[in-house]
Amino acid sequence: MALPDRSNISAVGWTAVSVARCRAVESARPDAWFNDPLAVHLVRNVDHSAPAARPGLEAWISVRTRFLDELTEQATDDGIRQVVIVAAGLDARAFRLPLPPDTTVFEVDRSDILDVKETLINQAGLAPGCRRQTVVADILDPEWMSRLADRGWEPGRSTLWILEGLLIYLDHCQRVRLLSQLAAASDHGRLGVTLSTETGPMRHPLWRPSVEDDPEVWMSSSGWAARTETMTEASVSFGRPLPATARAGRSWRLVGATAAGHR
């Protein structure tokens, strides 16, 4: 079975396939941190026309996935019942995390990648363990949050926003605008983010690294009280230090934040 023609999927959207393949590698480990059934289905049943992963990418994806998984479970343990995954790609948290059944996971992305995702979900026979809503929208469109509300998101309720692997594709002004928008919409909201300052040969041609000051400082100006750690630090705390091929993980930041004033 083959994926749809690559010309029908945006370049950024196609990276979701590479990320899913990395999650399938983690799922196959005897000491796996998570099991991603959608990623496993992709690898087992779809042809492998994409190039091999960049050195270290599989390890980076595993670390950031575990970090954001734990953040998501902590938020729902604390009573948050709205999780919005922005630029969701092939994210499968609605299927693989033990979230309370009254939690709603909103998956926001462009129609090209969501169409592929729904096909894969149906082929794999997957059913979410909580409520799930897809939202067709481009987050650079000023109206995207209206489309989110049309799908049932309630601005008056606390929300966890997940921005995994997204901000690296935005410039600084776009990052600040998006984060400010989410903070303004978040009553006691929380946020999980990945950032990178990588500018060397490991940098993907589509990446726009964060070259600003300490992210805790500039995120504060966007309305978020943030706590950051490098991917290298997180991997050590999880008991599986990054391999030598992934040492560029020092340039990646994992961020957990709360809407300013609601620490």
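**The sheet and one of its residues**

Modeller: Strand E1 (residues 82–86) runs parallel to strand E4 (residues 160–163), and three bridges link the two. Within this pair, Val84 lies opposite Trp161 of E4. This is a predicted model, in which local features need pLDDT of at least 70 and side-chain atom pairs count only at pLDDT 80 or more, while totals for chains, interfaces and linings use all residues. Residues are numbered from 1 along each chain as its sequence is written, and side-chain values use heavy atoms, leaving out hydrogens and water.

Strands (E, at least two residues) and helices (H or I, at least four) are DSSP runs numbered from the N terminus; two strands pair if DSSP finds at least two bridges between them. The open sheet has seven strands in the order E3-E2-E1-E4-E5-E7-E6, with mixed pairing. Its edges are strand E3 (131–136) and strand E6 (224–230), each of which pairs on one side only. From one strand to the next, the twist averages 20°. Helix H5 (residues 111–124) packs on the sheet and touches strand E2 (104–109) and E3, its direction making about 145° with that of E3. Such angles run from 0 to 180 degrees between N-to-C directions, with axes fitted to C-alpha atoms, for helices over the stretch in contact.

Val108 belongs to strand E2. Because its relative accessibility is 1%, Val108 counts as buried, a term for under 20% relative accessible area, with exposed over 50% and partly exposed in between (1.4 Å probe, protein chains only). Beyond its neighbours within four places in sequence, Val108 is in contact with residues including Val84, Ile85, Val135, Trp144 and Leu148; contact means heavy atoms within 4.5 Å. Asp138 is 30 residues from Val108 in sequence, yet 7.9 Å away in space, C-alpha to C-alpha.
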